[in-house]
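Please open the model in your viewer and keep the selection panel at hand. The stops below are arranged as a tour, each beginning with a selection.

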Amino acid sequence: MIVLGIESSCDETGLALYDTQRGLRAHALHTQAAMHAEYGGVVPELASRDHIRRVVPLTRTVLHEAGITATELDAIAYTRGPGLAGALLVGAAYANALAAALRVPAVGVHHLEGHLLSPLLATPRPDFPFAALLVSGGHTQLMRVDGVGRYRMLGETLDDAAGEAFDKTAQLLGLGYPGGPALARLAEHGQAYRYTLPRPMLASGDLDFSFSGLKTAVLTLARKQGEDARADIAAAFQVAVVDVLAGKCLAALRATGLDTLVVAGGVGANRALRARLDAEAALHGHRVFYPPLELCTDNGAMIAYAGAQRLAAGATAADGRFDVRPRWALEDLGG
Ligand code: KG4
Ligand code: ZN
């Protein structure tokens with residue numbers, strides 16, 4: 001079965017072809033980051049318009065890359081939510097129109113399920129069950145994953161997501177938007193222990209997170225210190241976030257008795273986080289899995305893959321009747 005995956009929930013248009021026999025055949029991405037940069041964040045209306053411009057050419061790109069024609073597609077998977085309503089509608093309408101024309105099923109996929117299953121696109125791949133840390137710009141959650149569609153929330157952020165904290169802190173330090181990767185680069189040139197920032201909720205005894213206080217602590221520190229302290233502040237921020245994320249991951253493994261951790265979402269690309277998790281895993285005899293680096297942030301491959309799993313599990317097509325779900329909890333997803 002060859003599935004075309006379409007991601008359009010935010011500011012990335014991602015298209016990909018997943019072949020259930022041969023694996024990922026092609027993926028292509030257009031990021032709108034530069035377009036939104038001058039506004040300091042994603043402008044929903046501009047995002048929708050740009051998805052419309054990109055989705056057809058990117059479809060052609062992946063078909064060409066895989067050397068197949070549209071008539072060889074067996075199904076279309078698209079991100080149904082959560083995300084920006086207008087942006088989601090572009091992908092949903094396009095997917096359903098294409099599916100109707102080709103007489104193949106269209107399947108709506110949960111964006112976070114895409115992230116959650118994306119480490120299964122790497123080799124070696126983890127076996128179920130595992131604990132999963134989902135760290136993106138919009139979400140920070142720890143889940144127990146027993147199989148496709150079998151997700152139980154263990155803990156989540158009470159305020160900002162980890163990626164959001166990276167982006168907002170980057171903005172405070174004058175690094176522009178989206179600042180996460182820029183902040184991580186700056187942190188590599190700084191001393192992590194010149195300043196000490198709080199580790200919010202590290203000792204809370206549960207598996208929840210909070211990152212908004214950290215941002216305020218950075219603001220206070222940045223105001224007091226001069227321009228030349230920026231790299232050290234970035235490093236202090238990064239190590240604080242890494243301490244909290246790694247500490248909660250270990251606590252989740254302890255609480256569930258699982259020995260496998262999967263990390264997904266944009267912040268999963270962070271090198272300091274990966275180095276820490278790898279070191280802790282080696283120390284405690286756990287195994288950690290990540291998606292391929294280019295599939296950490298939003299992409300069509302994870303949607304194609306999750307769609308293929310959903311179809312294999314008996315998901316039915318939208319039948320031309322589709323809706324998007326801008327707000328949609330992963331736990332509401334049936335098996
Ligand atoms: O998963 P994703 O592409 O989109 C959402 O669904 O949110 O994640 C994007 C987030 C942004 O907040 C971005 O700043 C952050 O992931 N991010 C990083 C890194 N790369 C991306 N944060 C820290 N370090 C990185 N290397
Ligand atoms: Zn995402």
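**Stop 1**

The model is a predicted one, in which local features need pLDDT of at least 70 and side-chain atom pairs count only at pLDDT 80 or more, while totals for chains, interfaces and linings use all residues. Residues are numbered from 1 along each chain as its sequence is written, chains are lettered from A and ligands numbered from 1 in the order in which they are written, and side-chain values use heavy atoms, with hydrogens and water left out.

Arg-199 lies in the loop between H6 and H7; helices (H or I, at least four residues) and strands (E, at least two) are DSSP runs, numbered from the N terminus. With a relative accessible area of 22%, Arg-199 is partly exposed. On this scale buried means under 20% relative accessible area, exposed over 50% and partly exposed in between, using a 1.4 Å probe and protein chains only. From Arg-199 to Glu-280 the C-alpha to C-alpha distance is 18 Å, and the two are 81 residues apart in sequence.

Next, select Met-201, which is found in the loop between H6 and H7. Its phi is near 65°, a positive value in a residue other than glycine. Met-201 has a relative accessible area of 23% and is partly exposed.

Is Leu-197 buried or exposed? Leu-197, placed in the loop between H6 and helix H7 (212–224), is buried, at a relative accessible area of 5%. Not counting residues up to four places away in sequence, Leu-197 touches Leu-214, Ala-217, Val-218, Leu-221, Ile-233, Ala-236, Phe-237 and Ala-240.

**Stop 1: H6 against H8**

Display helix H6 (residues 180–187) with helix H8 (residues 230–256): their axes come within 8 Å and cross at roughly 110°. Axes are lines fitted to C-alpha atoms, for helices over the stretch in contact, and angles run from 0 to 180 degrees between N-to-C directions. H6 and H8 are therefore roughly perpendicular to each other, a label covering 65 to 115 degrees, with under 35 roughly parallel, over 145 roughly antiparallel and the rest oblique. H6 contributes Leu-183, Ala-184, Leu-186 and Ala-187 to the contact, and H8 contributes Arg-230, Ala-231, Ala-234, Ala-235, Phe-237 and Gln-238.

**Stop 2: two cis peptide bonds**

Select Tyr-177 and Pro-178, which are joined by a cis peptide bond with omega about -10°. Pro-178 is in the loop between helix H5 (162–172) and H6. Then move to Gly-81 and Pro-82, where a cis peptide bond has omega about -15°; Pro-82 is in the loop between strand E4 (75–81) and helix H3 (85–102).

**Stop 3**

His-111 and His-115 are both buried.

Key. Contact means heavy atoms within 4.5 Å.
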